[in-house]
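Morning, everyone. Please look at the sequence and the structure on the screen. I will walk through the sheet, then the helices.

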Amino acid sequence: MTNNKKSSIRYIDDNTALVTKAFQKNASIFGTDEFKLWREYKAMFPGAKMTTKTIKKNPNKLNITKNMTYENMALYIRQQDDAVEVMVEFQKQIKLSKVKANPYRAVLAWFKKKYSDVNDYMDFFEELAAKNAAENDMFAVPTATNL
């Protein structure tokens with residue numbers, strides 16, 4: 001077996017081998033190093049099956065970048081009392097970020113610094129996403145209140 005973690009097989013028992021998703025994909029392509037390595041492994045353990053590691057996700061993790069597109073940031077800024085000045089600064093930040101390795105991250109960092117109360121804009125973005133989802137629901141039946 002090779003030392004490369006992406007191209008290795010971890011022995012669990014005679015019937016189970018832990019591999020990465022990349023290894024699993026490449027092992028199905030004839031002639032690849034992973035294909036050859038898997039054939040060697042299967043020669044030693046004929047009943048072995050590949051399993052991939054699953055990553056446990058934290059359901060309580062707060063995703064503060066969800067729905068934070070430039071368009072949604074602009075919508076949030078327009079709702080503020082100082083919208084005119086901040087919108088000029090927002091456009092300036094977008095232009096300045098063009099030379100950065102990750103322009104979006106630079107603008108996002110500015111936005112989070114400008115609006116440090118995460119709950120305010122997170123609530124705004126969640127309401128906006130729910131409204132957009134309701135408007136785009138092809139199975140929604142119009143009621144008297146939303147006609």
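**The sheet and its helices**

Let's start with a pair of strands. β1 and strand β2 (residues 16–19) run antiparallel, and three bridges join them. Two strands count as paired if DSSP finds at least two bridges between them. Helices here are DSSP runs of H or I with at least four residues, strands are runs of E with at least two, and both are numbered from the N terminus.

Before going on, a word on the source: this is a predicted model, where local features need pLDDT of at least 70, side-chain atom pairs count only at pLDDT 80 or more, and totals for chains, interfaces and linings use all residues. Residues are numbered from 1 along each chain as its sequence is written, and side-chain values use heavy atoms, with hydrogens and water left out.

Back to the strands. β1 and β2 form a hairpin, with two residues between them. Which residue in β2 is the bridge partner of Asp13? It is Thr16. For Arg10, the bridge partner in β2 is Leu18.

Now the whole sheet. It is open, with three strands in the order β1-β2-β3, and the pairing is mixed. β1 (10–13) and β3 (49–52) are the edge strands; each has a single partner strand, so one side of each has no neighbour in the sheet. On average, neighbouring strands of this sheet are turned by 35° against each other, direction ignored. Helix α2 (residues 33–44) packs on the sheet and touches β1, β2 and β3. Its direction makes about 160° with that of β2. For these angles, axes are lines fitted to C-alpha atoms, for helices over the stretch in contact, and angles run from 0 to 180 degrees between N-to-C directions. Contact means heavy atoms within 4.5 Å.

Let me zoom out. The protein has six helices and three strands. Along the sequence the pattern reads β-β-α-α-β-α-α-α-α. Of its 147 residues, 26% count as buried. Buried means under 20% relative accessible area, exposed over 50%, and partly exposed in between (1.4 Å probe, protein chains only). Take contacts between residues at least 6 apart in sequence: 59% of them join residues at least 24 apart.

Next, α4. Its 15 residues should span 21 Å at 1.5 Å a residue, and its end C-alpha atoms are 20 Å apart, which agrees. The expected span is 1.5 Å times one less than the number of residues. The buried residues in α4 are Ala83, Val86, Met87, Phe90, Gln93, Ile94 and Ser97. Down the axis of α4, they fall within an arc of 120°, so they line one face of the helix. That arc is taken from the directions from the helix axis to the C-beta atoms. They pack against α3 and α5. On the face turned away sit the exposed residues Val84, Glu85, Val88 and Lys95.

Buried or exposed? Glu89 is partly exposed, at a relative accessible area of 28%. Glu89 and Trp110 are 21 residues apart in sequence, and 9.8 Å apart in space, C-alpha to C-alpha.

Last, α6. Its buried residues are Tyr121, Met122, Phe124, Phe125 and Leu128. Seen down the axis of α6, these fall within an arc of 160°, so they line one face of the helix. They pack against α3 (70–78) and α5 (103–114). The face of α6 turned away from its buried side carries exposed Asn119, Glu127 and Lys131.
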